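Have the viewer open as you read.

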Amino acid sequence: MEFLTLEDGTGTSRDLVEHACDLWVVGSNRRYPEAGAQRAQERRLQGARRRGTLHTLTPEQLQLTTRVVSLAPERGPMRALAWLKFGDTDIRCTVQVKRWTVDAVGIELQVGEERLRCWVWQGAVERVEGPTAHA
């Protein structure tokens, strides 16, 4: 049996197996073409969640008492790709935008059975159209 190794020698065997699973393509789902990417993202998010808690901006960074906060409209979810940090693990994933200021974005995402919310810097977020996005 041959084992996977990264060129720089980093990564655990679990990381390598998860990465290899994300790369395998057996077929395509014509009815739900985004389903494979969503499952891969869910696996990456659950792995990152096991490594640490979700970081959020501090009240001092947000300055919510002196900044205008805009709320996302209720008519439909605003989706975005955002860089998040769980412990010391960075991950880019699809999130739902809930609110924003001139500097920060309040986002929400589902990880397993957990609904998580945090604030990230606006530069870490890219708005996308459609029901889902691929990180």
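## Strand pairing

Two strands count as paired if DSSP finds at least two bridges between them, and strands themselves are DSSP runs of E with at least two residues, numbered from the N terminus. This is a predicted model, in which local features need pLDDT of at least 70, side-chain atom pairs count only at pLDDT 80 or more, and totals for chains, interfaces and linings use all residues. Residues are numbered from 1 along each chain as its sequence is written, and side-chain values use heavy atoms, leaving out hydrogens and water.

Nine bridges link strand β2 (residues 78-86) to strand β3 (residues 89-100) in the antiparallel sense. Across this pairing, W83 faces R92 in β3. Two residues separate the strands of this hairpin, and G87 there has a positive phi near 60 degrees. Strand β2 also runs antiparallel to strand β6 (residues 125-128), with four bridges; R79 has V128 of β6 as its bridge partner.

## Cysteines

With a disulfide taken as a pair of cysteine sulfur atoms within 2.5 Å, the count is zero. C93 is in no disulfide, because the nearest cysteine sulfur, that of C118, is 8.7 Å away. Both sites are buried (under 20% relative accessible area; exposed is over 50%, partly exposed in between; 1.4 Å probe, protein chains only): C93 has 0% relative accessibility and C118 has 4%.

L71, in strand β1 (residues 70-71), is exposed, with a relative accessible area of 57%.
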